[in-house]
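Please find below a short note for your review.

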Amino acid sequence: MSSSTISRSTTFILFLFIGLITNAQAADFHVKRYGARANGNSDDSQAIMKAWKDACSSTKPSKIVIPGGRYVVDSMKFQGPCLAPIHVQVEGRLQAPTNIKKMRNDASWIVFQYINGLTLSGKGTFDGRGSLAWKQNQCASSGKCGSLPISLRFYSLNNSLIKDITSTDSKFFHVNVHNCRNLTLQNINIDAPGDSPNTDGIHIGGSSGVTIHNARIKTGDDCVSIGDGSQQIKVEKVTCGPGHGISIGSLGKYKNEKPVSGITVRDCTITNTMFGVRIKSWPASTKGIASNMQFESIVMNNVGTPILIDQQYCPYGTCNRQPAIAGSVVPPACTRAFAA
C-alpha cells in the first residue's frame, strides 16, 4: 500500500472518529450553552425552551441538562411529539415567579405534554414559591379554585418515567397527571406546609397504567388523589403527612365522568393527617362507577379519620345535600376495599 493510500485512509478514519464524537455530543443539550444564567435573577425560560426545541427535533435519543444553580423561569410548555425518546435531567432549582398576577392566566407553571418516552429525573427542585399565593387562595370562601397554577402538569405522556425530583411550595396542586398511559413516578419528594391550601401532592385523572412508587409527600391537602377515568393505578410505599391522606375522588361532580377501577394502595405510611384513606363523592352526584379498589398494609399514626367512604363530600358548603342519585358512585365491595 502506498504512502498516499495510507494517508487517505488515516484521514478518512480521523474524520469518521470526529463525526462520531460530534454526533455523540449533539445528543446532549446543556441549557447554559443556550444562554441560561442560573443566577436566581434572570429569566431563563427562553434558554431552556430553545434547548427543548432542538432536543425534541433530534432523530436519536437526546438529553437536556439543567445543571446546578437557581433558574427563575416563567410558565414553560415542553410539548411533543418528539422524534425520539428524550431525557430532561434537572440538577438545579427552578423557581416560579413570585408575581401572582403574572401567572394568573396560566393553568400550570410547567407542562410536559404529547410525548412518548419522556424521562424527567435529577436531584433538582421545582420551587413554586407559593407562600404569597396561599394568602390569596379563595377556594374555601368562594369555591372558585381555578385562578392559581399547578406546578407540574403531565398531559398525554406515554411510556414515561418521572424520578428523583422534588416539588416544593406549589401555589396550587404540585403534580397533575392527566390522559397518560404507562407512566411511573418513582422516588418523588413533595413538600409544603400543612396549612398550605389546595396543595395536593399528586392528582391523577383520565389515565391508565400509572404507578407511584416510593414517594415522600408533605402537603396541605391530599397526598395522592385519584379522579375519574383512572384505571389500573398503583400507589406503593408512599409516606404521607401532614396532609389529608390518600383519596379516591372526589367523584360525581360533573356529567359523564368515566369509571374508576383497578386502584391499589399498599405498603404506605400515613402520619399526622386529617384522613387516612377515603373514597369521596359529591352529594346528588351524577351516575358513575368506582370499583375494584384495594387498600392493604397501610400504617397510620395520629390520623383523624383512618378510613372513610363519604358520599356527601362538600368542602366549601355550597352543595345541594340531596342523597346521591340511585346507581351513582358505587363503593367497592367492603371485603375487597380494605385488607389488613
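**Notes on the predicted model**

1. W52, F78, F112 and F154 form one aromatic cluster. Rings of Phe, Tyr and Trp (for Trp, its six-membered ring) are taken to pair if their centres lie within 6.5 Å; planes under 30 degrees apart count as stacked, over 60 as edge-to-face and the rest as tilted.

2. On provenance: this is a predicted model, in which local features need pLDDT of at least 70 and side-chain atom pairs count only at pLDDT 80 or more, whereas totals for chains, interfaces and linings use all residues. Residues are numbered from 1 along each chain as its sequence is written, and side-chain values use heavy atoms, with hydrogens and water left out.

3. By the ring rule, the count comes to 6 aromatic pairs. One of them is formed by F78 and F112, which are stacked at 4.5 Å centre to centre with 10° between the planes. F78 belongs to strand β5 (residues 76-79) and F112 to strand β8 (residues 108-116), so this pair ties together parts that are 34 residues apart in sequence. Helices (H or I, at least four residues) and strands (E, at least two) are DSSP runs, numbered from the N terminus. Both F78 and F112 are buried; the term denotes under 20% relative accessible area, with exposed meaning over 50% and partly exposed in between (1.4 Å probe, protein chains only).

4. How far apart are the ring centres of F172 and F173? They are 4.8 Å apart and the planes lie at 15°, so the pair is stacked. F172 counts as buried because its relative accessibility is 10%; F173, at 16%, counts as buried as well.

5. The structure holds 2 disulfides, a disulfide being a pair of cysteine sulfur atoms within 2.5 Å. One of them joins C56 to C82, with an S to S distance of 2.1 Å. The link of C56 and C82 is left-handed, with -105° about the S-S bond. It connects distant parts of the chain, 26 residues apart: C56 is in helix α2 (residues 45-56) and C82 in the loop between β5 and β6 (86-90). C56 and C82 are both buried.

6. C223 and C240 form a disulfide, with their sulfur atoms 2.1 Å apart. Here the link is right-handed, with 80° about the S-S bond. The pair again links distant parts of the chain, 17 residues apart, with C223 in the loop between β17 (208-218) and β18 (224-226) and C240 in strand β19. C223 has a relative accessible area of 0% and is therefore buried; C240 is buried at 1%.

7. C268 counts as buried, at 1% relative accessibility. C180 is likewise buried, with a relative accessible area of 0%.

8. E236 is found in strand β19 (residues 231-240). Is E236 buried or exposed? With a relative accessible area of 15%, E236 is buried. Leaving aside residues up to four places away in sequence, E236 touches T211, I212, H213, N214, R266 and C268, where contact means heavy atoms within 4.5 Å.
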